[in-house]
Amino acid sequence: MKQNLFERQHRAGWKAFAEQLERLERGKADARTCEAFSADYRQVCQQLALAQERGYSSHLVEHLQQLAMRGHQQFYRHRSHLGARLLGFLLGGFPRLVRSQWRSIAAASLLFYGSLVLMGLLVHNWPDLVYSVMDPEQVSSMESMYDPDARRIGPMSERDSGDDWMMFGHYIMNNIGIAFQTYAGGLLFGVGSLFFLLFNGLHIGAVAGHLTQIGFGETFWSFVVGHGAFELTAIAFAGAAGLQLGWALLAPGRLPRGEALRLAAGRSVQLVAGVILLLVIAAFVEAYWSSMTLVTPQVKYLVGAGLWLLVALYFGLVGRRTHAPD
């Protein structure tokens with residue numbers, strides 16, 4: 001069946017289902033709406049599967065995905081407690097969401113990691129280039145943070161081990177602030193997210209290249225390799241969520257720009273929820289593991305490699321086996 005015919009046959013049903021969802025979300029649904037909702041929800045899920053199988057346009061598939069997602073939330077709203085929903089998100093929903101949004105994540109990752117690697121190589125080969133990104137005072141501060149002779153390494157390296165919990169809170173607030181900037185920048189037609197992805201990539205790359213070039217590489221890399229698996233991934237995801245907002249504003253398709261933005265925000269905000277989780281994990285690792293000097297760099301490299309592998313396996317494999325709702 002051609003897509004145009006498929007849409008003509010089911011458009012009225014989708015509109016009616018969307019109206020059902022709005023009434024349920026506002027808490028104004030009547031008994032008749034509630035009775036018909038289960039069958040309508042299953043029908044939308046079936047139509048989504050058909051649209052994906054037949055290779056219909058991404059616009060149609062995303063519209064049906066949004067309807068199915070909102071329907072799922074209403075279907076299980078009174079069945080699942082918050083803890084169960086959170087567990088379901090962690091054990092399947094989050095990695096499935098990441099895989100479904102791989103295009104925007106690939107674009108954001110290319111911008112972020114590409115600028116990071118390029119700037120690192122440039123600064124390593126032309127050391128004075130670091131001053132195009134950072135002023136001399138910032139460079140000196142970075143050098144003192146990652147001095148191999150320091151008792152503890154990283155930001156605020158002079159703190160006592162008892163202050164780790166304070167740094168845990170500091171890292172959370174700082175990292176979430178960066179992620180929120182990167183995400184919210186998407187409202188500027190994607191330009192803000194693009195800027196923050198490149199800015200953070202260039203800044204981190206400049207620091208990495210400079211510290212490696214002056215002989216502080218082992219101290220720096222052993223510090224960042226552990227929590228970087230979660231923190232750098234989160235920054236790329238936040239940028240991807242922001243780019244989705246920007247794309248909805250630039251290319252809304254047949255939808256009004258406001259409606260396209262609302263749909264994009266509904267998808268992207270779930271990705272941001274996962275970003276916050278990653279940043280909390282990153283802050284914990286950074287505060288209690290990364291800054292330790294009692295552990296050898298080789299052990300940190302081994303643990304860091306394991307964490308990067310864990311992140312890759314989580315987003316690549318977890319949540320692939322699903323079952324239909326009862």
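1. Between its end C-alpha atoms α9 spans only 42 Å, whereas a straight helix of 34 residues would span 50 Å at 1.5 Å a residue; the expected span is 1.5 Å times one less than the number of residues.

2. A word on what you are looking at. This is a predicted model, in which local features need pLDDT of at least 70 and side-chain atom pairs count only at pLDDT 80 or more, while totals for chains, interfaces and linings use all residues. Residues are numbered from 1 along each chain as its sequence is written, and side-chain values use heavy atoms, with hydrogens and water left out.

3. On the overall fold, the chain has 11 helices and 0 strands. Helices (H or I, at least four residues) and strands (E, at least two) are DSSP runs, numbered from the N terminus. Of the contacts with a separation of 6 or more, 75% join residues 24 or more positions apart; contact means heavy atoms within 4.5 Å.

4. Next, burial and surface. Of the 326 residues in the chain, 42% are buried, where buried means under 20% relative accessible area, exposed over 50% and partly exposed in between (1.4 Å probe, protein chains only). The accessible surface comes to about 17,600 Å², and 64% of that belongs to carbon and sulfur atoms. These areas come from the Shrake-Rupley method with a 1.4 Å probe, and for residues only the protein chains shown count as cover.

5. The largest nonpolar core has 36 residues, and those with the most contacts inside it are Phe94, Phe230, Phe237 and Leu271. Two or more residues each come from α4 (82-100), α5 (102-125), α7 (164-184), α9 (217-250), α10 (257-290) and α11 (297-317). The most come from α9, which gives 13 residues. A nonpolar core here is a set of buried Ala, Val, Leu, Ile, Met, Phe, Trp, Tyr and Cys residues joined through side-chain atoms within 4.5 Å. Another core, of 18 residues, lies apart from this one and includes Phe6, Ala18, Phe37 and Tyr56.

6. Back to α9 for a moment: 30 of its 34 residues are buried. Leu271 touches Phe237, Ala240, Ala241 and Gln244, and its partners also include Phe94, Leu97 and Val98.

7. For the aromatic residues, the whole structure holds 17 aromatic pairs. Phe89, Phe94, Phe237, Tyr314 and Phe315 form a cluster linked by ring pairs. Rings of Phe, Tyr and Trp (its six-membered ring) pair if their centres lie within 6.5 Å; planes under 30 degrees apart count as stacked, over 60 as edge-to-face and the rest as tilted.

8. Asn175 sits in helix α7 and counts as buried because its relative accessible area is 4%. Beyond neighbours within four places in sequence, Asn175 is in contact with Glu231, Leu279 and Glu286.

9. Leu307, in helix α11, is buried at 17% relative accessible area. Leu307 touches Gly226, Ala229 and Phe230, leaving out residues up to four places away in sequence. Leu307 and Ala229 are 78 residues apart in sequence, yet 6.3 Å apart in space, C-alpha to C-alpha.

10. Finally, Val295 is in the loop between α10 and α11, and is buried with a relative accessible area of 18%. Its contacts, apart from neighbours within four places in sequence, are Trp289 and Lys300.
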